[in-house]
Structures are given as C-alpha cells and as structure tokens.
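Okay, everyone, let's get going.

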Amino acid sequence: MESKILNSLGIDPGILVIAMMGILILVLLYMVHVSMKMTRFLKRYRIFMKGKDAASLEKAFSQKFLEVDKLTEMSRLHNDEIHRIKEVQKRSANKIGIVKYDAFPDVGGRLSFALAMLDESDSGFVLNTIHGRDGCYTYIKEIVKGESYIVLGPEEKEALRQAVTYFSDMNGGQ
C-alpha cells in the first residue's frame, strides 16, 4: 500500500500505523484507569445514598446541622464555665509553703510549723503553729501582695518565700 501523499512527505506508512497503534493503546489504558475511578466513585455513592431518597437525605443533613449548632453552643458554654473557674482559681489559695521546725530546744520532733497559703496575687495568710510541752499555740498573719504588715519570724518568712515561688519551683525555676 503506497500513498502519494505519504511518499511526498517522506513518511513510511508502517511507522504511521505503529505510532497510531501506540496512541490507541495509551488511550485504551487511560480509559481503563478512568473506568476504575468511576467504579470506585459509584460504589461510594451507592453506600452514601443507600436507603435514602432526596427528602430523607435532606432531613439527615438538617439533623446533622442541628447537632453541629448544639455542639457549638455547648462549646461556648464550656468556654464560659472555664473562664469562671479560672476567675475563682485566681482568688483561691493555690500557692503553698510549709516549714517544719523545733520551736524550743527541749521539744524535738519538728512539731511546730509555719504554713503560707496565697492566691494568684500573692495575698493570703501565714499560719504559725508553735508546739511546746505545755501546749500548742496558733497564730495567723495576713499577707497582701507578698508582704506582711506584722513582723514575720524566720520560719514564716521561709514559708512565705516558698509560697510566692511555688509555681516557679514546680517548673524547675523557669
């Protein structure tokens, strides 16, 4: 089979047929690939639509949107509650320091102690309990912003220092 047009262009008809067959094979492989994708898509679509008509599917979407709205409202309420809890925590005594000591040389066992309890603004109290042979005495001193208007003993000062640096001591001094 000879063609005057192909001969004038200098193209061998056999090469042209082989090239066309190669292109045909590539197109065929692409069609198989697209067909496989379409089959997977149709399978997922059937699962999605199984037992649902347009009205029931719309109802399902509507119900899910209501659930999302409820979750959004619950999230807002939880955030408000967390904010309130944080405000209460700021005013709660959450920093502590305690120093045990022997108040008198003849009484051992370190039964006396100074306890400091402070809130976030370093306000609170130092409780000092002194244990002796003839009784136990307890004193309380108010602390405002890390300072006392009454003179503190060395054990009370140490308990106050521990309480003021409570969170930084817990984090390794950071």
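I'll go from the overall layout to the strands, then the core, then an aromatic pair.

Quick housekeeping: this is a predicted model, where local features need pLDDT of at least 70, side-chain atom pairs count only at pLDDT 80 or more, and totals for chains, interfaces and linings use all residues. Residues are numbered from 1 along each chain as its sequence is written, and side-chain values use heavy atoms, with hydrogens and water left out.

So, the layout. We have 5 helices and 5 strands, where helices (H or I, at least four residues) and strands (E, at least two) are DSSP runs numbered from the N terminus. The order is α-α-α-β-β-β-β-β-α-α. The radius of gyration, taken over C-alpha atoms, is 42 Å, well over the 16 Å from the globule rule (2.2 Å times the number of residues to the power 0.38) for 174 residues, so the protein is more spread out than a compact globule. Along the principal axes, the C-alpha atoms fill a box of roughly 130 × 50 × 30 Å. And 17% of the 174 residues count as buried, meaning under 20% relative accessible area with a 1.4 Å probe, protein chains only; exposed is over 50%, and partly exposed is in between.

On to the strands, which pair if DSSP finds at least two bridges between them. β3 (residues 124–132) and β4 (residues 135–144) run antiparallel over 9 bridges, with a hairpin of 2 residues joining them. G124 has I143 as its bridge partner. Then β4 pairs with β5 (residues 147–148), also antiparallel, over 2 bridges. In that turn, K145 has a positive phi of about 50°.

I143 comes up again in the largest nonpolar core, 10 residues that also include V99, L118 and L160. A core here is a set of buried Ala, Val, Leu, Ile, Met, Phe, Trp, Tyr and Cys residues joined through side-chain atoms within 4.5 Å. β2 (112–118) and α4 (154–164) each supply at least two of its residues.

F41 and Y45 have ring centres 6.4 Å apart and planes at 20°, so they're stacked. Both sit in helix α2 (residues 13–49), 4 residues apart, about one turn. F41 is partly exposed at 46% relative accessible area, and Y45 is partly exposed at 43%.

Key
Phe/Tyr/Trp six-rings, centres within 6.5 Å; stacked < 30°, edge-to-face > 60°.
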